[in-house]
Amino acid sequence: MKPASFDYASPATVEAAIEALVASNGEGKVLAGGQSLLPLLNFRMTRPSVLVDLNGIEGLSYIEDRGDRIAIGALTRHRDLEHSPLVASRLPVMSAAMRHVAHLAIRNRGTIGGGLAHADPAAELPMLAAFYDARISVQGPNGHRVIAAQEFFVDALTNCLEPHEIVVEIEFPILDHDGWAFEEVARRFGDFALASIAVSVRRGPSRLEDARIAVMGVADTPLRLKAAEAELVALALDDEIPERFSEIVVAQVSPNDDLHASGEYRGHLLGELSKRALRTALAQAERAA
Amino acid sequence: MSDVSVTVNEARYDVSDVEPRMLLSDFLRDRLGLTGTHVGCEHGVCGACTVLVNGDSVRSCLMLAVQADGTAIVTVEGLGSPEELNVLQSQFREHHGLQCGFCTPGMLMTGEDMLRKYPLATDDQIREGLSGNLCRCTGYQNIVAAIRSAAAMRREKEE
């Protein structure tokens, strides 16, 4: 199908984009990569009065080393994250997850700001934001504010942005860890995840010193599992640990049935992926020691 | 209504009166008459409408024509001619990588981008790269074989 008519604005600054949104009285939509918005327009599931295209704004696409964190401009495309040596060395879980983000042509267009704002609960970038405890900077008519990833995702396809706010930058704190893994099952490579887990650990002599866990596809938002992190750190590093970890993770979620899979199946997948992920992360941490 | 100036297959086009809602796919087909770009699903699933925009593969049904203003586009018409197929096209013919041909323009444009961005040393990598393109008739074996062969030819050329 074809989109219904709309006006098109291509502002040169974030301020001008916000003005255009305010002028639309809530009927406007922000266009970033368009890889989720264009299908919705083509199906006429959304009919904005005006599209405010951010692609003409200079200076919103960058990956910057800020010491203990990496800052990423909202218009940075998925393919830039996928191929970035800086991301590979400082945010290895993100680097590993990027090739799972949709397909080649979509990664060439899709942006991190758009992907986060779309807030799909089975998409990698929202999950990575939750995993890294990212800080999402947004700008609106009342100025600038920073939102923690935990608060940003409210429900499936729902973020906490005010109507005229735009995501401008995302900061990802670097984890001082030595082993990690990203596991995902989708029906077709690049499709939305049925279940996925990201794990990262720092290994001490007899116990883990720190752990980070996030999951997606098993709830209405991506989840960082803080309780499971604490339980994992308390476990002894023996042969049983992947099995016990899997039980801990699965106990944290109660996935619903939907068109793509039953909740039971998603839970089963998550359990299996948890074992795999922890084995990979621990083996890597051991090699690093 | 907007004006759109694009370079497509190295030819410059200045087109006026373009509605903002016109998809790049429809623009290429209806305004420029380049019907090699096929329109399948129109929501970014099938990959038939894939073209190169500034060197990167893009689904032309998920981009507006007005967004293409100032860009350089390559469509399947820009790859080779019936008399002189390019390497990837010749390998599609060699390996019977098409039957009805509907998905082929998208497969070729995706293949061109894959060959540039990934080593394609294994069939897994090739299949991963093709995961966003649907074919309803030959199946994928011969398409994978064609790209595998084009990747091998590229490696030989580099050595």
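**Group meeting: domains, core and chain contact**

Hi everyone, let's start with the domains: in chain A, the assignment, which is automatic or from a database, gives domain 1 (7-55), domain 2 (63-172) and domain 3 (180-288). Before going on, this is a predicted model, where local features need pLDDT of at least 70 and side-chain atom pairs count only at pLDDT 80 or more, while totals for chains, interfaces and linings use all residues. Residues are numbered from 1 along each chain as its sequence is written, with chains lettered from A and ligands numbered from 1 in the order in which they are written.

Back to the domains. The C-alpha centres of domain 1 and domain 2 of chain A are 19 Å apart. Their contact takes 14 residues from domain 1 of chain A and 17 residues from domain 2 of chain A; residues are in contact when their C-beta atoms, placed from the backbone, lie within 7 Å. On the domain 1 side, the largest share is the 5 residues of helix α1 (residues 14-23) of chain A. Helices here are DSSP runs of H or I with at least four residues, strands are E runs of at least two, and both are numbered from the N terminus. That domain 1 side divides into 8 nonpolar, 6 polar and no charged residues. Nonpolar covers Ala, Val, Leu, Ile, Met, Phe, Trp, Tyr, Cys and Pro, charged covers Asp, Glu, Lys and Arg, and the others, Gly among them, are polar.

Now the chain as a whole. Chain A has 12 helices and 14 strands. Its radius of gyration is 19 Å, close to the 19 Å from the globule rule for 289 residues, so chain A is as compact as a globular protein of that length. For the record, that radius is taken over C-alpha atoms, and the rule is 2.2 Å times the number of residues to the power 0.38.

What about the inside? Buried residues make up 51% of the 289 residues in chain A, buried meaning 20 or more other C-beta atoms within 10 Å of a residue's own, again placed from the backbone. The largest nonpolar core has 136 residues, and A:V199 is one of those with the most contacts inside it. Such a core joins buried Ala, Val, Leu, Ile, Met, Phe, Trp, Tyr and Cys residues through C-beta atoms within 7 Å.

Finally, the partner chain. The contact between the chains takes 25 residues from chain B and 25 residues from chain A. On the chain B side, β4(B) gives the largest share, 4 residues. Thanks, everyone!

Methods. Two residues are in contact if their C-beta atoms, placed from the backbone, lie within 7 Å. A residue is buried if 20 or more other C-beta atoms lie within 10 Å of its own, exposed if 12 or fewer, and partly exposed in between; C-beta atoms are placed from the backbone.
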